[in-house]
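Subject: Structure for your review

Dear colleague,

Please find below the sequence and structure that I am handing over to you. My findings follow directly after them.

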Amino acid sequence: MRGSEFADIRAFVTVAEQGAFARAANALAVSPSALSQTIRSLEERLGVRLFNRTTRSISLTEAGNALFERMQPLLAEFNAALDEVNHYRDSPAGTLKVCAPQMAIIHLLQPMLGVFQEKYPDVVLDLTSDESLGDIVARGFDAGIRLGRHVDQDMVAVRVGPDLRQIAVASPEYLSKHGRPETPQDLHRHKCINWRRAGQSGVYNWEFAKDGQWFDISVKGTLIVNDCAVALQAALDGLGVTVWTEDWMKPHLQSGRLVPLLEAWSPLTPGFYLYHPSRVRMPAALRAFIDVAKTVSMEMAQANRAPVATP
């Protein structure tokens, strides 16, 4: 059906429902004369008369009544469908699919889940733990979370976490047996615990920087895993050297169970960003999720900067 034909049918159904051209014209925000011409054009195109008209009233003809009975429920269903879509636009609702690395879910999203669900109970948040760098649009996600340096240029990115620092670590027991690396190149003489991202065949190359220049090192060892948390536990068990985010290892570093290594080669880098394809007609659920994520991450950052109270 062409747009003009749909408008004519809508005009016909409105006139039949209102029982008068003046009331129907007011409902459609057109003049009575323009509406009358629309109905005449529709009758001419169909080759039948749809209304019996007098100077004081109108009524449906048999053909008009048959058309009305078929078209009224279809138009009502059409309007209901549009109202449902508008609900998604104006009120956060429906399913929101987000993928993020496991540690981003634990450290960034977990603290905001209660707040988000309380404020937006009509949104189903579908979270997928995912370490890959694949196309979120092709895989059906509404948004993703990724370290800033890995966000594609054509994406809209919103910062949801502080700068991070990835450092190499090992247990005191391991270092007492194998010595301490002083430069990234020294790692070639150590047992390194490697990990690979989901969907990638090669292992992750460890990243370091000196004088503002970043470079990566391919290290070797006797253990490769696909989960950073497993690599961390292996380091705690004295199996070798691994790399992980400093903030997330604070309890182990403070307790002395892990020793930080190569800190001079490990500057801060942009933290996590929530990213999505476009700002145009952003779903209300995604807009709400971004707002909560920004608010909670800001509160967490302020709490981390606050001085510790002393008794």
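The second largest cavity holds about 50 Å³ of space in this model, which is predicted. Its lining consists of Leu-108, Leu-109, Met-112, Ile-145, Val-160, Ala-293, Val-296 and Ser-297. Two or more of these residues come from each of helix α5 and helix α9 (284-305). By class, seven lining residues are nonpolar, one is polar and none is charged.

The search of the whole structure returned two cavities of 30 Å³ or more. The lining of the largest cavity comprises 19 nonpolar, six polar and seven charged residues.

Five strands, in the order β4-β3-β5-β14-β6, form an open sheet with mixed pairing. Its edges are β4 (123-129) and β6 (156-159), each of which pairs on one side only. On average, neighbouring strands are turned by 25° against each other, direction ignored.

Within the sheet, β3 (residues 94-100) and β5 (residues 143-147) pair in the parallel sense over two bridges. Cys-99 stands opposite Gly-144 in β5. Helix α5 (residues 102-119) packs on the sheet and touches β3, β4, β5 and β14 (272-276). The direction of α5 makes about 170° with that of β4.

With kind regards

Methods: Residues are numbered from 1 along each chain as its sequence is written. This is a predicted model: local features need pLDDT of at least 70, side-chain atom pairs count only at pLDDT 80 or more; totals for chains, interfaces and linings use all residues. Side-chain values use heavy atoms; hydrogens and water are left out. Two strands pair if DSSP finds at least two bridges between them. Helices (H or I, at least four residues) and strands (E, at least two) are DSSP runs, numbered from the N terminus. Axes are lines fitted to C-alpha atoms, for helices over the stretch in contact, and angles run from 0 to 180 degrees between N-to-C directions. Contact means heavy atoms within 4.5 Å. On a 1 Å grid over the protein atoms alone, a cavity is a set of points where a 1.4 Å probe fits but cannot get out, and a pocket is an open set with protein on both sides within 12 Å along at least five of seven lines; lining residues have an atom within 4 Å of a point. Grid points are joined across faces, edges and corners, and a volume is the space filled by probe spheres set on the points. Ala, Val, Leu, Ile, Met, Phe, Trp, Tyr, Cys and Pro count as nonpolar, Asp, Glu, Lys and Arg as charged, and the others, Gly among them, as polar.
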